[in-house]
Amino acid sequence: MDYLHGFDSKEQDRLIHQAQFLEPYVYTGVDFKKVNRLLEVGCGVGAQSKILLKRFPKIQITGVDFSSAQLHVAAQYLKRPISDGRVHLLQQDAQRLDLVYKKYDAAFLCWFLEHVPEPLKVLKQVRKHLKPGAQIVLTEVFNQALFMEPYSPNYLKYWFEFNELQWTMKGHPFIGAQLGHLLKEAGFKSINVEFRPLHFDSRDPKQRAEFIEFFFQILLSAEPKLRDKNKVSEDMVRQMYKEVEIAKKAKDSVFFYSFARATAIR
Ligand SMILES: C[S@@+](CC[C@H](N)C(=O)[O-])C[C@H]1O[C@@H](n2cnc3c(N)ncnc32)[C@H](O)[C@@H]1O
């Protein structure tokens with residue numbers, strides 16, 4: 001069991017911060033008001049589960065993750081809703097889900113399929129567990145879509161190595177562009193895929209700096225593995241820190257990234 005970002009406590013805190021920071025963007029258009037039983041696959045430390053429970057007071061979540069370290073943190077983070085019977089956590093590999101078929105009213109997968117060697121297998125598995133007519137909501141990366149001005153060569157080289165490492169670990173850093181195809185192959189209907197731009201420039205320097213810093217932390221989350229494998233040098237990382245500081249302060253800097261949102265019906 002290996003995973004690009006690792007399972008240390010810094011990374012687990014980062015996931016909670018990430019979910020809160022991106023909540024306004026990720027949850028636009030997510031409507032589980034009529035959902036009772038929600039299947040959340042790749043729930044990690046429960047960062048999205050907490051937001052889902054707050055936004056949709058009626059839902060009960062079955063959260064699945066293959067990592068006992070993540071689930072251990074999730075069990076603490078979601079202690080109250082677990083004791084209220086609103087959350088059940090299960091340790092399973094999403095490629096071989098073992099739950100009750102046709103039980104769930106909806107499924108939610110966020111920043112997850114990018115890490116799975118066989119995303120189609122996961123979607124087929126999830127489909128089997130959904131009731132007919134149930135909705136699946138996917139939020140995934142499309143790492144081709146990163147742009148930062150001023151030109152930052154070390155940042156870009158590091159980003160290449162980050163994606164390359166994920167690729168060699170059998171992940172999919174560009175999976176956002178494949179969601180339509182994968183959902184179709186898995187047998188879903190009424191498929192919709194859209195790209196959500198995160199575009200910040202001098203119109204809002206504070207938000208721009210926050211996004212540059214937020215995204216930088218994502219890059220750094222893979223540093224231990226990249227350093228381990230000699231994919232990035234200490235000097236490259238040092239230069240990248242400088243470039244990021246410049247971008248955060250430069251008058252005309254630009255940050256752009258776009259993630260993918262797909263919905264479909266079983
Ligand atoms: C980037 S985290 C996202 C967690 C959560 N969805 C969120 O947005 O905070 C990806 C999670 O997928 C889990 N994961 C990776 N491959 C898995 C697999 N094959 N089956 C189940 N969980 C897996 C990891 O343990 C990790 O917790």
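1. Contact of H8 with H10. In this predicted model, six residues of H8 are listed against H10: Ala209, Ile212, Glu213, Phe216, Leu219 and Leu220. On the H10 side they meet Met240, Tyr241, Val244, Ala247 and Lys248. By class, the contact holds nine nonpolar residues, no polar ones and two charged ones.

2. Geometry of H8 and H10. H8 spans residues 205–221 and H10 spans residues 234–249. Their axes lie 9 Å apart, at an angle of about 160 degrees. The cut-off for roughly antiparallel is over 145 degrees, so H8 is roughly antiparallel to H10. The crossing of H8 past H10 is right-handed.

3. Helix H6. This helix runs over residues 153–168 and has 16 residues. From first C-alpha to last it reaches 22 Å, close to the 22 Å expected at 1.5 Å a residue. Just after H6 comes Lys170, with a positive phi of about 65 degrees.

4. Burial of H6. Which residues of H6 are buried? They are Asn154, Tyr155, Tyr158, Trp159, Glu161, Phe162, Asn163, Leu165 and Gln166. The cover over these residues includes two strands, E6 (147–149) and E8 (254–265). It also includes H8, H10 and helix H9 (223–228).

5. Helix H1 against H2. The axes of H1 and H2 (residues 47–55) come within 8 Å. They cross at roughly 40 degrees. That angle makes H1 oblique to H2. H1 contributes Leu15, Ile16, Ala19, Gln20 and Glu23 to the contact. H2 contributes Ala47, Gln48, Ile51, Lys54 and Arg55. The classes are five nonpolar, two polar and three charged.

6. Helix H1 against H3. H1 covers residues 9–26 and H3 covers residues 68–77. Here the axes come within 11 Å, with a crossing at roughly 55 degrees. H1 and H3 are therefore oblique to each other. The crossing is right-handed. Gln12, Leu15, Ile16 and Gln20 of H1 meet Ala69, Gln70, Val73 and Tyr77 of H3. This contact divides into five nonpolar residues, three polar and no charged. Leu15, Ile16 and Gln20 are listed in the contact with H3 and also in the contact with H2.

7. Leu22. Leaving aside residues up to four places away in sequence, Leu22 touches Trp111, Phe211 and Phe214. Leu22 and Phe214 are 192 residues apart along the chain, yet their C-alpha atoms are separated by 9.8 Å.

8. Lys103. This residue sits in the loop between strand E3 (87–91) and strand E4 (104–110). Its relative accessible area is 27%, so Lys103 is partly exposed. Not counting residues up to four places away in sequence, Lys103 touches Arg37, His129 and Lys131. Phe7 lies 96 residues from Lys103 in sequence. In space, C-alpha to C-alpha, Lys103 and Phe7 are 30 Å apart.

Methods
Residues are numbered from 1 along each chain as its sequence is written. This is a predicted model: local features need pLDDT of at least 70, side-chain atom pairs count only at pLDDT 80 or more; totals for chains, interfaces and linings use all residues. Side-chain values use heavy atoms; hydrogens and water are left out. Axes are lines fitted to C-alpha atoms, for helices over the stretch in contact, and angles run from 0 to 180 degrees between N-to-C directions. Helices (H or I, at least four residues) and strands (E, at least two) are DSSP runs, numbered from the N terminus. Angles under 35 degrees count as roughly parallel, over 145 as roughly antiparallel, 65 to 115 as roughly perpendicular and the rest as oblique. A crossing is left-handed if the near helix is turned anticlockwise from the far one by less than a right angle, and right-handed if clockwise. Contact means heavy atoms within 4.5 Å. Ala, Val, Leu, Ile, Met, Phe, Trp, Tyr, Cys and Pro count as nonpolar, Asp, Glu, Lys and Arg as charged, and the others, Gly among them, as polar. The expected span of a helix is 1.5 Å times one less than its number of residues. Buried means under 20% relative accessible area, exposed over 50%, partly exposed in between (1.4 Å probe, protein chains only).
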